Amino acid sequence: MKKSALQKARAAYQPKLPIVLTGPVKAVEGKPTESVADQAEIKALFPNTYGLPELKFEKNANPTAGRPINVGVILSGGQAPGGHNVISGLFDGIKKIHRDSRLYGFLMGPGGLVDHKYMELTAPIINEYRNTGGFDIIGSGRTKLETKEQFDKGLEILRELDIKALVIIGGDDSNTNAAILAEYYKEIGAGVQVIGCPKTIDGDLKNSQIETSFGFDTATKVYSEVIGNIQRDCNSAKKYWHFIKLMGRSASHIALECALQTQPNICIISEEVEAKNLSLDDVVANIANTVAARAENGDNFGIVLIPEGLIEFIPAIKSLIRELNDVLAEHPDLATKSADEIFAFIKANLSADNAATLASLPEKVARQLCLDRDPHGNVQVSLIETEKLLSEMVAKKLDEMAKDGKFNGKFSALHHFFGYEGRCADPSNFDADYCYALGFNATCLINSGVTGYMSSVRNLTKPSVQWVAGGIPITMMMNMERRNGAMKPVIQKALVDLDGAPFKKFASQRDDWAVNTCYVYPGPIQYFGPAEVCDQPSLTLKYEHQGK
């Protein structure tokens, strides 16, 4: 495989481990845990893995000789920078336990476990992928592990390969599946541990012990570079408003982090829209007023950042989506109907308020809400061109304002969606170190004999040698939510905290950014150079730690 000059140089990078993981460790138990909500329901569903204590690793002065162990690994869900380093850390960790330990990768996600498709990951293979982006070492997929038949089928290949532990690298849905799998294997005495690793560029898989999910740092730096480039162009041409949609279906962490890095004129935070009970017209009016205010200063240009999940956070549309989900779940036979028949049936079976909301939307958007669903039954909001919808509505609003003498400028819009561009970049030094530590730490959890835990590395604003390593029970992060018309246990998504330090920092400056041109141009990720240029974590992490 031909490599670029950067790939060759990055291959030589040695990720830095927390000092505690550089020698033998022992697991120190903390207090028993409980789920974030719905404790009775979660406990009933996970009787064997609920209420376990948090674990913290400390130096072990009396280590015992390790035995060979075979471990399986799965990359689940969307790609995130650093996944290869998690696997590299896992490989190095089990080899440190015993040189005869073996690592097997299941191909194309959880489906590889069920279908018995795998490959052994040996040193020459691992070395080709250290410090690289993507998930192409074994591929990823979105098969949900949720049935006894799948669990039993997977157990067949685990026993055939003598695999004693399975590491699932994924987001909230994938780690929910890991918790369910861990509970089942524990219940039947399968002798297979299940460990999770927190992955998602969206940044919505976190709590006090999981300070950030891996990939968020790299992805937001990639997006911020491109936003900065557009801002420089915008400030040069001085004639366009750029509407930029960013990844983040369920939370606005990416948009907020990119705003903190680049200081755009407008950044919409979905959680704030919901908290203030804003309508779509309210959002449009706020943008239009900023456009008009800048026009008064002779600035007929600007930048608007939009989280891709915005539509789902507008209360009226959220109510509509909730009813749509129930209607579709209650009538599975609709799947055999034509799109026109489904759309007509839905319109005829909605409550009056939600029917009115649906009717107020452009037909293309209305049809996407009704017809396009992902494997989990969710609206595929990334397919809804929110950036174009908003700019068209802003243009109409400005026409009305011009007739009333409230706008005398020019408005010309350009549109962008930054999604896949950020998912497979070579990981930043932060993500390279963090991911390697997560994988290596997972082997310590395996060696401690636990199951149903998520690898946790924290104290992340300090130099990596000072990071704290351990694990938390996955059930600790769970609550009950309605999925496909039924209540199911899932990891609770971490939304932007409107009382948190990152949002407050943004809110304290955005009025200035709106009217004035305060753009920051972050430039590309730097892999070589002084630590203040190359090794800094996200601003979200920085402000969260300052706020503690």
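This is a predicted model: local features need pLDDT of at least 70, side-chain atom pairs count only at pLDDT 80 or more; totals for chains, interfaces and linings use all residues.
**Group meeting talk: cysteines, sheets, cores and salt bridges**

Let me begin with the cysteines: a search of the whole structure finds zero disulfides, where a disulfide is taken as a pair of cysteine sulfur atoms within 2.5 Å. Residues are numbered from 1 along each chain as its sequence is written, and side-chain values use heavy atoms, with hydrogens and water left out.

Now to the strands. Helices (H or I, at least four residues) and strands (E, at least two) are DSSP runs numbered from the N terminus, and two strands pair if DSSP finds at least two bridges between them. Strand S12, residues 453-458, is mostly covered, with five of its six residues buried. Strand S7 (residues 193-198) runs parallel to S12 and is joined to it by two bridges, and Ile 195 has Tyr 453 in S12 as its bridge partner. Strand S13 (residues 468-473) runs antiparallel to S12, with six bridges between them, and here Ser 455 is partnered by Gly 471.

Elsewhere, four strands form an open sheet with parallel pairing, in the order S9-S10-S8-S11. Strands S9 (266-267) and S11 (413-418) stand at the edges with a single partner strand each, so one side of each is left without a neighbour in the sheet. Strand S8 (residues 241-246) is joined to S11 by six bridges, and Trp 241 stands opposite Ala 413 in S11. Helix H11 (residues 280-296) lies across S8, S9 and S10, running at about 145° to S8; axes are lines fitted to C-alpha atoms, for helices over the stretch in contact (heavy atoms within 4.5 Å), and angles run from 0 to 180 degrees between N-to-C directions.

Which residues touch the most other members of the largest nonpolar core? They are Ile 87 and Leu 246, in a core of 76 residues, where a nonpolar core is a set of buried Ala, Val, Leu, Ile, Met, Phe, Trp, Tyr and Cys residues joined through side-chain atoms within 4.5 Å. Helix H18 (residues 429-447) gives the most to this core, with eleven residues. A second, separate core has 43 residues, including Leu 280 and Val 284.

Finally, the charged pairs: there are 22 salt bridges, each a side-chain nitrogen of Lys or Arg within 4 Å of a carboxyl oxygen of Asp or Glu. In one of them, Arg 249 meets Glu 312 at 3.2 Å, N to O. This pair links distant parts of the chain, with Arg 249 in the loop between S8 and H9 and Glu 312 in helix H12 (residues 310-313), 63 residues apart. Glu 312 is buried, with a relative accessible area of 15%. By the same rule, Glu 272 forms a salt bridge with Arg 510, with the closest N and O atoms 2.7 Å apart.

How values were computed: Buried means under 20% relative accessible area, exposed over 50%, partly exposed in between (1.4 Å probe, protein chains only).
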